[in-house]
Amino acid sequence: MSDNPYYSRTDTAKLNVDDEEWKKILDEEVFYIARKKGTERAFSGKYWDFEGIGTYYCAVCGNKLFKSDSKFGSSCGWPSFFEADRPNSVNYEEDYTFGMSRTEVLCGRCESHLGHIFDDGPPPTGKRFCMNSVVLDFEPDQEGSK
Ligand code: FE
């Protein structure tokens, strides 16, 4: 990601970058999911059954999205979380494509598509953030810190 000038894990200022610019910066796979609202194949991503302890960031812009302690084992084939790191980590938008009524989850900083949210998650929230591994960057916790 060193060639992505917008990537920052500390800057929370909203980005307004168009797809033409993102296309020059992002890997093809990341661009397709993040900017064209694609979906990775179930059970194909690197995080769906991953249990590392740490933090997940937006692979497009570095925004902090989820902590591993809100991740749960889901049989759906995509990494699933019951809550976002902060209320403004993500934005929501109604999505009526493919003849379904769903709520899309977007990065709160760069507005990239991350996945969808459903009401069949575990306590305490009952929510399931169903995310694409491709648009997540995992960073393990340093030993001794949390
Ligand atoms: Fe982002």
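Here, a residue counts as buried under 20% relative accessible area, as exposed over 50%, and as partly exposed in between. With a relative accessible area of 31%, Glu-111 is therefore partly exposed. That value comes from a predicted model, as do all the others below. Glu-111 sits in the loop between strand 6 and strand 7, and its phi is near 65 degrees, a positive value in a residue other than glycine.

An iron ion is coordinated by the SG atoms of Cys-58, Cys-61, Cys-107 and Cys-110, at 2.3 Å. Along the chain, these donor residues follow the spacing C-x2-C-x45-C-x2-C. What arrangement do the four donor atoms make around the iron ion? They subtend angles of 102 to 115 degrees, so the arrangement is tetrahedral. Cys-61 counts as buried because its relative accessibility is 0%. Cys-110 is buried too, with a relative accessible area of 4%.

Strand 7 also holds His-113, which is buried, at a relative accessible area of 2%. The His-113 side chain makes a polar contact with the side chain of Glu-104, at 2.9 Å. Beyond its neighbours within four places in sequence, His-113 is in contact with a list of residues that includes Ile-33, Ala-34, Lys-37, Gly-38 and Asn-132.

Several of those partners lead back to helix 2 and what comes after it. In helix 2, the residues Val-30, Phe-31, Ile-33, Ala-34 and Arg-35 are buried, and the buried residues of this helix pack against helix 1 (19–25) and strand 7. Following helix 2 comes Lys-37, with a positive phi near 55 degrees. Gly-38 is part of the loop between helix 2 (28–36) and strand 1. Is Gly-38 buried or exposed? Its relative accessibility is 2%, so Gly-38 counts as buried. Setting aside neighbours within four places in sequence, Gly-38 is in contact with Tyr-32, Ile-33, His-113 and Asn-132. Gly-38 and Leu-114 are 76 residues apart in sequence, yet their C-alpha atoms are 9.1 Å apart in space.

The loop between helix 2 and strand 1 contains Phe-43 as well. Phe-43 has a phi near 65 degrees, a positive value in a residue other than glycine. At 47% relative accessibility, Phe-43 counts as partly exposed.

Another residue to look at is Lys-71, in strand 3 (residues 71–72). Lys-71 is buried yet has no salt bridge. Which side chain of opposite charge is nearest to Lys-71? That is Asp-49, 6.8 Å away, whereas a salt bridge would need a side-chain nitrogen within 4 Å of a carboxyl oxygen. A polar atom of the Lys-71 side chain does lie 2.9 Å from the backbone oxygen of Tyr-47. Among the residues in contact with Lys-71, leaving aside neighbours within four places in sequence, are Tyr-47, Trp-48, Phe-50, Tyr-56 and Phe-81.

The peptide bond from Pro-123 to Pro-124 is cis, with omega near 5 degrees. Pro-124 is found in the loop between strand 7 and strand 8 (128–131).

Note on methods. Residues numbered from 1 in each chain as written. Predicted model: local features only at pLDDT ≥ 70, side-chain atom pairs only at ≥ 80, totals over all residues. Heavy atoms only, no water. Donors = N, O, S within 2.8 Å, 3.2 Å for Na, K, Ca; no water. Tetrahedral: all angles 85-135°; square planar, octahedral: opposite > 155°, others 65-115°. Buried < 20%, exposed > 50% of the residue type's maximum accessible area, 1.4 Å probe, protein only. Helix = DSSP H or I, 4+ residues; strand = E, 2+ residues; numbered from the N terminus. Contact = heavy atoms within 4.5 Å. Lys, Arg positive; Asp, Glu negative; His and termini not counted. Polar contact = N/O pair within 3.5 Å; in protein donor to acceptor, adjacent residues only side chain to side chain.
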